[in-house]
Amino acid sequence: MGNAMRGVITFVPSERIQQYLVGKLTEMPLDRTLDLSSRQLRRLPVSACVFDELVKLYLSDNKLHSLPMELQGLRNLQLLALDFNCFEDFPEAVCRLPQMCILYLGNNRLWSLPTELKNLKELNTLWLETNCFTVFPKVICELSNLKTLHLGYNQIRSLPEELRMLQELRSIWLAGNQLTEFPPVLLEMHGLAVIDVDRNKIRYFPSLSHMQGLKLIIYDHNPCVNAPVVSEGAKRVGRWADSPDPEIEEDTSKVTCEHNAEVTEEEENNEEQQSA
């Protein structure tokens, strides 16, 4: 049956129809991986939750709004891909998967996360890009094993101080948000290897030379007047990235001096006009 017909039958809220879209699930896949991506699913049939030895479950690019509570029976699940769906609320059953390591939830409609997310003690990779977050979800700061966090393309304006508790965090991706300054808390996180703040509203970058573990800083498409100074071996992607730091500082100082001179001249002209 073609994709057009699949699209039509997904509007029929029948368990039998959804079973058809999934196919026959009678045996555990040999590689303990089940891929149900791009099936036009509006619900996940309970029959997909019977394989308690399943390790990876791909449900990307469907039309899912929720997941059945039976999903919590997948006690050995380590990877769950739910990106490119229609979730507005974080699916509760996911918080009851004790072995979960990698969770993809990008390109949905999420705006908050439940406090129960902290129960995912083994979670090390969390992708939440292109959702509706306006505030950084603080519960993330309780995921002590988190190593990679992707929160790009939301509407976040700042990061909480509690983020420093994530001592295992190595990569943080924050492109396409509303940051107006480089988040101060990141300066205290010496374990970070990758920082992406591309496409924000940052005007000035502090020195990052003390962050010896930093390997990559992406800061392009910001209205910044300087490039971040980094330690030897770290790569920069952005304006002046290929320029020696002393030249950058000299150019920046020149711009600052010229700006100050213009301000002083304007003030003197105003004083002369008032005296006249």
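Leaving aside neighbours within four places in sequence, which residues is valine 185 in contact with? In this predicted model, the partners are Leu159, Pro160, Glu161, Leu163 and Arg164. Valine 185 sits in the loop between β7 (171-173) and β8. Its relative accessible area is 0%. Valine 185 is therefore classed as buried, a term that requires a value under 20%.

With neighbours within four places in sequence set aside, leucine 71 is in contact with Leu44, Cys49, Leu57, Leu80, Ala93, Val94 and Leu97.

Aromatic rings were considered next. The count of aromatic pairs comes to three. One of them joins phenylalanine 205 and tyrosine 219. Its geometry is edge-to-face, with 5.4 Å centre to centre and 65° between the planes. Phenylalanine 205 lies in the loop between β8 (194-196) and β9 (216-218), and tyrosine 219 in the loop between β9 and β10 (235-237), so the pair ties together parts 14 residues apart in sequence. Both phenylalanine 205 and tyrosine 219 are buried. Ring pairs also bring in Phe182, giving a cluster of Phe182, Phe205 and Tyr219.

Notes. Residues numbered from 1 in each chain as written. Predicted model: local features only at pLDDT ≥ 70, side-chain atom pairs only at ≥ 80, totals over all residues. Heavy atoms only, no water. Contact = heavy atoms within 4.5 Å. Phe/Tyr/Trp six-rings, centres within 6.5 Å; stacked < 30°, edge-to-face > 60°. Helix = DSSP H or I, 4+ residues; strand = E, 2+ residues; numbered from the N terminus. Buried < 20%, exposed > 50% of the residue type's maximum accessible area, 1.4 Å probe, protein only.
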